[in-house]
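Trainee: Could we go through this chain together, one question at a time?

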Amino acid sequence: MPSRHPEEIGCGHVVERYVTRMYAGLPRYLVLNSGRFLSPRWRHTNRFTRHLLADAATITDEELEALLGYEWRSRLTAAWLVGVDRRERFRARIGDLLLASEVCYAGSAYCFALARFGSHADAEILTAYLDHYLPRTDLHYDQPAALGALLRLDARLGTHHADRFTEPNGLWDEWVRGAEHQGYPSYTPAEQRRWTDLLCEFANGWARR
């Protein structure tokens, strides 16, 4: 999927407006990627979240496409806006980007969006991703975020897609051992499910206000 600067399609304003907007000296994309907004000690959560909800509701599909077609910061931010507003018409686009895994960091935001959509179709996308990337024990991509999102969907939908990945000495355990050999921390399914729940419940709680 070729990357194009938004200026090339008449949307040169979108990066400054949606991606690099500043909060306490930090651009929006960095706040989203770090999860800083979840900390009760961060004094800027209210302002940050108000702006995020407003932008998620008003950004146009054309602007979202411009961001999804650019680099990782823009894709990460766009996926968050899609997920917050639950724009399910972007499901296929988000799924294609997740499976392609072209850029760093954005994949966790794609998984957030799919978890927010909350359907069987989203579970199928996440399952396909894990089928493809868990056997690649040499790659540390977005396997943890994908598993966390799938576990949340399983719990909500009454399905068991994640069971075959998380069985003892299954694909998940093998991938974790590979990640540890590369110096990455260990991940447990419960931790990944909890993190996905925190992100989604954060969005749910603010969306109801």
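Mentor: Buried means under 20% relative accessible area, exposed over 50%, and partly exposed in between, with a 1.4 Å probe and protein chains only. The model is predicted, so local features need pLDDT of at least 70 and side-chain atom pairs pLDDT 80 or more, whereas totals for chains, interfaces and linings use all residues. Residues are numbered from 1 along each chain as its sequence is written, and side-chain values use heavy atoms, leaving out hydrogens and water.

Trainee: Does Ile9 count as buried, partly exposed or exposed, and at what relative accessibility?

Mentor: Ile9 lies in the segment before helix H1 (14-19), where helices are DSSP runs of H or I with at least four residues, numbered from the N terminus. Ile9 counts as partly exposed because its relative accessibility is 30%.

Trainee: Which residues does Ile9 touch, not counting those up to four places away in sequence?

Mentor: A contact means heavy atoms within 4.5 Å. The C-alpha atoms of Ile9 and Glu63, which are 54 residues apart along the chain, are separated by 9.6 Å. With residues up to four places away in sequence not counted, Ile9 touches Arg4, Glu62 and Ala66.

Notes:
Helix = DSSP H or I, 4+ residues; strand = E, 2+ residues; numbered from the N terminus.
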